Each structure stands twice: as C-alpha cells, then as structure tokens.
Amino acid sequence: MRRAAVPIAALVVLLAGCSDGVGAAEEAPASASGAPTPLPDLTAAPDAENDASGNPTASPLTEAEKRYIELNGGDGLFEGAVLEQGVEACSRVEFAAQVDQGLLVDDIREGEIAGATGAIPFLCPEYVPQLAEALGGIEDGATETAGLAEGDYAAPAAGLDCEWTLVGSGADEAGDVASGDVAEIELTGDVTTLESSGCVVWLPVSDD
C-alpha cells in the first residue's frame with residue numbers, strides 16, 4: 001500500500017515553525033545597529049574631581065596632615081612618602097591596640113613601633129591616651145602634675161586654638177600658640193596643675 005504524500009506546502013510550514021522556535025531562542029538579541037551592546041565600565045568614578053587634564057585629583061590634606069609633613073619631612077622625601085610613613089605607623093599602632101592595650105603602651109615606650117610618637121598626635125589621635133601613658137605626657141584638660149617629671153614639655157600637634165595655664169603656688173602663667181611658633185611649657189616644683197585645650201598632648205622634651 002502506498003503512503004499518502006505530504007503536501008510540499010505543509011512541509012514548508014513545519015520547517016518554518018521549527019526555525020522560529022528553538023533556533024530563535026538560542027540567538028542573542030542584537031542592537032539596532034547590529035553591534036553588541038557594550039558592558040558598563042565598573043572602574044569608572046564619575047563623582048571624582050578631575051584636574052584640567054582629566055586625571056583624578058588627590059583629596060586635600062587636612063591641617064593635621066600638613067603639620068605632620070612639615071615636622072617630619074626632609075631628606076628629599078616627597079610629601080606623599082612622608083605621609084605614607086605616618087599612616088603605616090598608625091596602622092601598626094592600631095594592630096597592637098587590637099591585640100593588647102598594655103602591649104601598645106609598652107611598644108610605644110620601648111620604641112618598637114617606628115614613627116608612632118610623631119604620628120599619633122596628628123594622624124591617629126584616638127591613641128593619645130596610650131602615648132601619654134607610655135611617655136609620661138599630659139593630655140588636654142586639667143591635670144594635677146604631682147608625680148610628673150619636672151622639665152620642659154612641648155605640644156607638637158597644637159593648633160592655633162591651643163591655650164594653657166600653669167597653676168601653682170606662685171603667680172599663674174598662661175600662654176597660647178599665637179604668642180610663639182611652638183607650644184612649650186616648663187613644669188617646676190611650684191606648678192600643681194596644668195590646664196590646656198586645643199593642644200592635644202604635651203610630651204617631655206628630650207635633652208638629646
């Protein structure tokens with residue numbers, strides 16, 4: 001028995017249906033121009049400020065950072081390198097503090113963290129209490145001087161708002177940064193209290 005022949009027109013319709021189904025689903029959509037749509041640039045920083053050449057500009061330095069660079073620069077070092085050294089010192093200070101607060105005080109006292117004494121008052125002042133404890137320094141506020149070593153003290157991170165008063169058995173002595181370039185005091189046996197604000201921390205001045 002002969003099989004009925006499939007009409008050619010019906011065969012064409014069946015083939016067209018297969019092409020519009022599976023084959024069409026596998027093809028990726030194209031843009032109107034025929035070119036693939038570009039991926040977004042994930043590295044772009046549209047909010048960053050640029051200079052005249054279109055290059056990103058660095059964040060402006062804080063007053064504390066400027067003062068730190070001024071006091072610790074030299075030897076032909078670039079400002080960025082000087083600041084990087086201070087930031088590295090603060091990173092080591094933070095790590096030691098997370099391990100053990102007592103360890104941090106000992107490390108500062110023994111000079112185990114290079115640059116910590118100079119960096120803390122400017123770049124990580126949250127560790128000023130540990131710095132003062134390690135070196136026999138004095139924090140801002142009203143501090144009784146009994147038990148503190150007599151001699152000269154300086155406030156390296158003092159701002160223009162630094163003011164202080166030495167209270168003692170003699171006449172009180174007051175001062176501020178505007179009266180001199182460096183904030184320095186002398187603790188003598190007559191001084192009973194040091195009151196200061198805006199000076200951050202007073203550290204003993206080495207005889208070296």
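V99 sits in helix 3, which spans residues 79-99. Helices (H or I, at least four residues) and strands (E, at least two) are DSSP runs, numbered from the N terminus. V99 is exposed, at a relative accessible area of 51%. Exposed means over 50% relative accessible area, buried under 20%, and partly exposed in between (1.4 Å probe, protein chains only). Together with F95 and L103, V99 forms a nonpolar patch on the surface, with about 290 Å² of accessible area in total. Such patches are made of residues with over 30% relative accessible area and no salt bridge; nonpolar side chains (Val, Leu, Ile, Met, Phe, Trp, Tyr) are joined within 5 Å, like charges within 9 Å. Areas come from the Shrake-Rupley method with a 1.4 Å probe, and for residues only the protein chains shown count as cover.

This is a predicted model: local features need pLDDT of at least 70, side-chain atom pairs count only at pLDDT 80 or more, and totals for chains, interfaces and linings use all residues. Residues are numbered from 1 along each chain as its sequence is written, and side-chain values use heavy atoms, with hydrogens and water left out.

**Overall layout**

The protein chain has six helices and six strands. Along the sequence the pattern is α-α-α-α-α-α-β-β-β-β-β-β. Of its 208 residues, 25% count as buried. The accessible surface comes to about 14,300 Å², and 54% of that belongs to carbon and sulfur atoms. Contact means heavy atoms within 4.5 Å. Among contacts with a separation of 6 or more, 62% are between residues 24 or more positions apart.

**Cores**

In soluble globular proteins, nonpolar side chains tend to be buried together. A nonpolar core here is a set of buried Ala, Val, Leu, Ile, Met, Phe, Trp, Tyr and Cys residues joined through side-chain atoms within 4.5 Å. The largest one has 26 residues; V93, L104, I120 and Y127 have the most contacts inside it. At least two residues of this core come from each of helix 2 (63-72), helix 3, helix 4 (101-109), helix 5 (116-123), helix 6 (128-135) and strand 6 (191-204). Helix 3 gives the most, with seven residues. L104 touches V93, A96, A97, I113, Y127 and Q130, not counting residues up to four places away in sequence. Another core lies apart from it, with 15 residues, among them A155, C162, W164 and C199.

**Disulfides**

A disulfide is a covalent bond between the sulfur atoms of two cysteines. The cut-off used is a pair of cysteine sulfur atoms within 2.5 Å. The whole structure holds two. Counting bonded cysteines along the chain, the pattern is 1-2, 3-4.

C90 is joined to C124, S to S 2.2 Å. This link is left-handed, with -80 degrees about the S-S bond. C90 lies in helix 3 and C124 in the loop between helix 5 and helix 6, so the pair ties together parts 34 residues apart in sequence. Both C90 and C124 are buried.

C162 is joined to C199, S to S 1.9 Å. This link is right-handed, with 95 degrees about the S-S bond. C162 lies in the loop between strand 2 (151-154) and strand 3 (163-168), and C199 in strand 6, so the pair ties together parts 37 residues apart in sequence. C162 is buried at 0% relative accessibility. C199 is also buried, at 0%.

Strand 6 also holds T193. T193 counts as buried, at 17% relative accessibility. Leaving aside neighbours within four places in sequence, T193 is in contact with A142, T143, E144, T145, T165, L166 and V167.

**Salt bridges**

Side chains of opposite charge can pair when their charged atoms come close. A salt bridge is a side-chain nitrogen of Lys or Arg within 4 Å of a carboxyl oxygen of Asp or Glu. The whole structure has three.

| Pair | N to O distance |
|---|---|
| K66 and E63 | 3.6 Å |
| R67 and E70 | 3.3 Å |
| R109 and D106 | 3.0 Å |

K66 and E63 are three residues apart in helix 2, about one helical turn. K66 is partly exposed at 40%, while E63 is exposed at 60%. R67 and E70 also lie in helix 2, three residues apart, about one turn of the helix. R67 is partly exposed at 26%, and E70 is exposed at 58%. R109 and D106 are in helix 4, three residues apart, about one helical turn. R109 is partly exposed at 43%; D106 is partly exposed at 34%.
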